[in-house]
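Please look over the sequence and the model first.

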Amino acid sequence: MQEIRADHSETVSMPPFLAQEFVHLYGPGDHEVRSFFAPGRANLIGEHIDYNGGLVMPAAVTLGIAAACRLRSDHLVRLHSSDDPLAVEIDLDRPIEPDPARGWGNYPAGVLRELFLQGVDLKGTDVLFTTTLPQGAGLSSSAAMEVLTAFSFLALAKAPASDLRAIALLCQKAENQFIGVNCGIMDQFAVALGKEDCALLLDCESQEYHYVPVALGAHALVIMNTSRQRRLADSKYNERRAECDAVLQLLGADAPRNGLVHALWSDVLCHVSDPVLRRRARHVISEQVRVEQACRVLAAGDLAAFGRLLTESHASLRDDYEVTGPHLDAIVSAALQTPGCLGARMTGAGFGGCAIALVEQAEIPDFTALVQSAYLAATGLEPAFYVTHAADGVHETTRKG
């Protein structure tokens with residue numbers, strides 16, 4: 001059992017604005033204010049194959065959620081967010097149950113309940129969250145909030161924790177059972193286990209993972225926010241899962257036990273006549289191959305080949321899986337027509353949210369200006385851009401000296 005503690009000798013300054021806002025909100029106190037950070041995530045490649053037993057390649061990004069925390073002398077947990085006026089209060093002496101009136105506070109509440117059930121001696125705490133993640137953009141703000149809560153409360157309690165992998169699984173359980181969202185393991189794993197300049201190659205069936213170097217050199221990842229929230233993502237997500245299950249049923253005795261990604265395309269052609277179901281299966285099977293190819297070309301430092309795989313992934317998601325939509329297609333098309341872009345694709349569930357592009361750093365100012373102009377002309381919406389790279393997972397940013 002690894003113990004998560006915040007007793008390292010290194011000292012990292014808390015962002016001044018966060019400390020000032022915290023003291024303004026909660027006033028002076030007897031305990032130290034400590035701060036923690038959890039990143040968002042962008043799935044580089046391997047989309048919509050997590051629930052089909054596939055390999056995915058997410059990376060933690062430099063955008064994320066910070067939390068300033070200070071212990072209290074009672075058993076109250078008070079939560080505030082710089083980005084939401086709703087204040088949340090949780091009494092640790094009472095059972096923690098889902099409450100619609102708690103709004104965003106149900107995400108940390110669900111994690112606190114899981115920690116309590118695991119025997120962690122939770123302490124009353126004042127918390128202020130602040131985020132640089134755009135809401136509804138598909139960068140896993142909910143997973144970041146969950147992992148951040150678990151990590152910070154374990155550190156404050158000086159409680160033994162299994163490891164970051166166990167924290168990710170605890171947070172997934174909280175979202176499944178407390179929030180009621182049947183998410184997979186990718187988001188929480190990426191947020192907890194992210195590593196600088198690396199992607200996480202995660203087998204969603206076995207939960208085994210290893211790191212893949214993402215040495216971008218003179219390039220950077222540009223997250224392109226369509227400014228269109230993912231309005232159809234949930235319903236289409238359920239629909240696509242049902243379609244993949246239907247393919248497995250049609251495969252009968254030839255259906256692989258460990259997910260549709262392991263099916264043979266020849267078996268699909270033999271057993272599945274419906275053209276829509278064939279297209280769904282083709283995306284799942286081909287996307288798995290692209291993830292495997294991405295590992296090889298990144299290990300070789302071949303960014304041009306990696307960029308081509310990103311673009312091929314988007315085309316498959318557009319034509320075979322049909323989860324992109326006009327806004328994502330417009331911003332990816334604009335990116336691909338702009339000098340300096342090696343490749344681009346949607347990331348996340350689709351139907352809005354974000355896309356990513358691999359861009360030469362020297363070209364980024366012109367790239368963002370040209371894509372913004374083309375996307376605005378096509379959709380009437382103003383996009384937003386975030387230049388980032390693969391970053392570390394959850395960590396403490398203020399430690400005792």
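Phe367 touches Val222, Met224, Ala335, Thr338, Cys341, Ala357 and Val359, leaving out residues up to four places away in sequence; contact means heavy atoms within 4.5 Å. The model is predicted, so local features need pLDDT of at least 70 and side-chain atom pairs count only at pLDDT 80 or more, while totals for chains, interfaces and linings use all residues. Residues are numbered from 1 along each chain as its sequence is written, and side-chain values use heavy atoms, with hydrogens and water left out.

**Nonpolar cores**
- Phe367 is among the residues with the most contacts inside the largest nonpolar core, together with Met57, Leu115, Phe129 and Met224; this core has 120 residues.
- Helix H3 (residues 141-157) supplies the largest share of this core, twelve residues.
- A second, separate core has eight residues, including Val33, Phe37, Ala66 and Ala68.
- A nonpolar core is a set of buried Ala, Val, Leu, Ile, Met, Phe, Trp, Tyr and Cys residues joined through side-chain atoms within 4.5 Å.
- Buried means under 20% relative accessible area, exposed over 50%, and partly exposed in between (1.4 Å probe, protein chains only).

**Helix H10**
- In helix H10 (residues 326-336), the buried residues include His327, Leu328, Ala330, Ile331, Val332, Ala334 and Ala335.
- Their cover includes strands E8 (219-225), E9 (341-347) and E10 (354-360), as well as helices H9 (303-319) and H11 (364-379).

**Ala168**
- Ala168 is found in helix H4 (residues 164-179) and is buried, with a relative accessible area of 0%.
- The C-alpha atoms of Ala168 and Glu146 are separated by 8.7 Å, and the two residues are 22 residues apart along the chain.

**Whole chain**
- The protein chain has eleven helices and twelve strands; these are DSSP runs numbered from the N terminus (helices H or I, at least four residues; strands E, at least two).
- The C-alpha trace spans about 65 × 50 × 40 Å along its principal axes.
- Buried residues make up 54% of the 401 residues.
- Of the contacts with a separation of 6 or more, 72% are between residues 24 or more positions apart.
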